[in-house]
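Q: I'm new to this one and would like a close look at a single part. Could you walk me through it slowly?

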Amino acid sequence: MHSLLVIHNSLTANEPAAGSPGRPDTVLRACGYLVEVARTEEEAISRITEADASILNLPITAINHWGMLLMQQKTAPILWWCTDETATLSVTACEDNIMVDGLLAPSMHPQEIHWSLHFSAKQCFERQQWMKEREQLLSRLEERKWIDMAKGILSKVKNISESEAYDLLRKQAMNERKRMVDVATSIVKVYQLLQDQT
């Protein structure tokens, strides 16, 4: 990781001037990183593609908005730049569910910054894996719902047990070379359509 995008906005406008010690871009450049700075959403969107991570010099209340914006463009770690100013602006949100992969501060030494960035990359990867697994589980639950509804309909209409209805669904899916959930969805929708017409 060597290229970083630092995000500032109007809430952090009272920060020290460019090049001053304590500014994230100054500190990170001194540690050997290539740093781009963005102050608007348009600048951030155009510059995130080249960055290995984003450093948000913002109050916590603004992080989720910026995090979502940046993650839509590129999957990369998001770290919060914690200073007296950003911490003071964040007191009311300290219990909120904030998605950041790491934390940086102006008082950190280069090795601490390096390791924080390293672990944030790992955290970002784990978060992405968790989100994919969550989506897969939700998808399976949705599929299970359609299959269960179709089993109920078949057992009612054909006066058979649910296990027989399941076998019938499975055979129909194999015969049509479709996924079971697709056959189940068709059955449920046709049944609902017929019910609406009566």
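Which residue forms a salt bridge with E162, and how far apart are the closest N and O atoms?

A: First, a word on the ground rules. This is a predicted model, where local features need pLDDT of at least 70 and side-chain atom pairs count only at pLDDT 80 or more, while totals for chains, interfaces and linings use all residues. Residues are numbered from 1 along each chain as its sequence is written, and side-chain values use heavy atoms, leaving out hydrogens and water.

Now, your partner is K151: its salt bridge with E162 has the closest N and O atoms 4.0 Å apart (the term means a side-chain nitrogen of Lys or Arg within 4 Å of a carboxyl oxygen of Asp or Glu). E162 sits in helix α6 (residues 162–176) and K151 in helix α5, so this pair ties together parts 11 residues apart in sequence. Helices here are DSSP runs (H or I, at least four residues), numbered from the N terminus.

K151 also meets D148 in a salt bridge, at 3.5 Å from N to O. Those two are three residues apart in helix α5, which means about one helical turn separates them. D148 in turn pairs with R144, at 3.4 Å between the closest N and O atoms; both lie in helix α5 (residues 110–158), four residues apart.

How covered are they? K151 counts as buried because its relative accessibility is 12%, whereas E162, at 44%, is partly exposed. D148 is partly exposed too, at 37%, and so is R144, at 36%. (Buried means under 20% relative accessible area, exposed over 50%, partly exposed in between, with a 1.4 Å probe and protein chains only.)
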